[in-house]
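Subject: Structure for your review

Hello,

I am handing over the structure we spoke about. Please open it first; my notes follow below it.

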Amino acid sequence: MQRSSRFLTLTAGLGFLFLYAPILSLIIYSFNQSKLVTVWGGWSLQWYGELLHNDQIIDAALVSLKIAFISATLAVILGTLAGFVLTRMGRFRFKMILSGWTTAPLVMPEVITGLSLLLLFVALEGAFGWPAGRGTGTVIIAHTTFCLAYVAVIVQSRLVSLDETLEEAAMDLGAKPSSLFFLVTLPLIAPAIVSGWLLSFTLSLDDLVIASFVSGPGNSTLPMVIFSKVRLGVSPEVNALATLMILTVAIGVVIAVWQMRRQERVNRVV
Amino acid sequence: MSTSTGAAWVSGPTRRFALLRHLRRINWGRLAVMGVPTLWLAVFFFIPFLVVFKISLSETAIAVPPYAPIFEWDLDQTLVAIRVNFGNYLYLLEDAFYLDAYLSSVKIAALSTLITLVIGFPMAYLIAKSRGSRRTLLLSLVILPFWTSFLLRVYAWMGILQKHGVVNDLLLALGLIDQPLILLQTDFAVYVGIVYTYLPFMVLPLYTALEKLDGTLLEAAADLGARPTQSFLLVTLPLALPGVVAGCVLVFIPAVGEFVIPALLGGSDTLMIGRVLWDEFFLNRDWPMASAVAIVMLVVLVLPIMLIRHSSEKRADQRAGHQHSDEVA
């Protein structure tokens, strides 16, 4: 028994090492002074400095942040509605279809989603003149669509695990459907909505394939710029950028987990 | 007839009328709540597939957009011709290149899924076995990569696998090899990239299944004289099967259509269908051909997608049944 547990710890430990070693090496090499990315030339912050002066990257980052912010917000609204409809509205005629449409985008290969949306935009433009050309607007629509599915799944699982008696009590006390939703259900699922927004934001910020299909010229997002820079080889500036992004996320996640646990403790006391 | 609608005791018809009005008002809101997300997904998720299918049946043309219309209308808006072209699909069948690309994608995805399962299972098992804050920590370690950029994590492997990268330096320093191995731009690198990227997708469903595993069952097996390997194969594995299926499907489907990983880590001879579609579209500007490639890929993936839908529904039903039995109890 003892031996098998040691074996388990070892194999699982190797798995975790595999998960984190590349991220660590990326971070370490971002502080490498040498221009030859692989030769260690001592610690330095010079690539961070160069990053700040790279207008192409800064502009693309701003475009991406804007798209991610709007898409995440739209996805949260639509995804919460979809998750709510699927768990709290009983059976209705289109339920199977809607539930299929909210799970399929999660596993759909990105090349298919990207191509299909682009062809839709082109067809719509031909028929109705909208959307006129492609740019941030079409990227926002595309990102909202696939992020919506993630939000719906998160909200759905929260709603399923939620005790329905609170909502029933509110209904028994005569709450209208709208006040029931905004005063009872929404506060209860708020943590799921927050994590849905954050996940949508990161997914949108990270998407390369779909954005490449549906964005127009001159509207390159950050992943598109990164991809064109690294396609031919490793770039020290991208290492620096990657480190900044990964550290931001790591700090954000740590704060979020800490906040959530504190919140839960407060809830338990109350 | 009483007109005091606010009164507690109103006569039958008025009360029914109020109720009806009330119901009607609810239904409007209900309709909007149901309609908005459904409509959005219909327009931006479902209809696009129909458009892809339509364009896969048209002919390539030097035009903007670069395909010929299927329906031709004359000036009086009457239909004069319908041109349906199965040529793209025929070409897909005739040219061995496409068939090879599909087969090679499925092979790479299937093998990577298997490797992911082998690496992910001990991790999920360890998390499920640990308790309290240790479990939370390990679980967050699996989830954290979800939140970091996928593109950058794939890119990180370029630095590790390249000619003078970490792996080669390490092997050279240990004296295991005399000269650097060529690791980057090979199928090997693609496998590493896929396994690495999709590992969390495997671990999480496995963990969910293993977490529910009743420890007393293993104790019972041990009491009855089963050896650890036996009880693992005969008790743990069958009970974890839903998690195994979910994890495998979640890894396999996106891996088949993967573009970024073969583009950054694979060689020019690494054939994957996602990359073929990308090249048809961006390099050859052959939109109808790219559409046909996408439609066939969808057909290949329909079965695994149905599988995941089926298992998620079953889970939802189980949960509903569970809640119900709780209520009864």
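Predicted model: local features only at pLDDT ≥ 70, side-chain atom pairs only at ≥ 80, totals over all residues.

Contact between the chains

Chain A contributes 65 residues to the contact and chain B contributes 72 residues. The most comes from α1(A), with 14 residues. Sorted by class, this side of chain A holds 50 nonpolar, 13 polar and two charged residues.

One helix pair

The axes of α10(A) and helix α5 (residues 150-161) of chain B come within 11 Å of each other and cross at roughly 10°. Angles under 35 degrees count as roughly parallel, so α10(A) is roughly parallel to α5(B). The crossing of these two helices, α10(A) and α5(B), is left-handed. From α10(A), the residues that make the contact are P223(A), I226(A), F227(A) and V230(A), and from α5(B) they are L151(B), Y155(B) and M158(B). By class, the residues of this contact are seven nonpolar, with no polar and no charged ones.

Domains of chain B

Chain B is split into domain 1 (12-56) and domain 2 (95-328). Where these domains of chain B touch, four residues of domain 1 are in contact with six residues of domain 2. The domain 1 side of that contact has three nonpolar residues, one polar and no charged.

Regards

Key. Residues numbered from 1 in each chain as written. Chains lettered and ligands numbered in written order. Contact = placed C-beta atoms within 7 Å. Helix = DSSP H or I, 4+ residues; strand = E, 2+ residues; numbered from the N terminus. Nonpolar A, V, L, I, M, F, W, Y, C, P; charged D, E, K, R; others polar. Axes fitted to C-alpha atoms, helices over the stretch in contact; angles between N-to-C directions. Parallel < 35°, antiparallel > 145°, perpendicular 65-115°, else oblique. Left-handed = near helix turned anticlockwise from the far one by under 90°. Domains from an automatic or database assignment.
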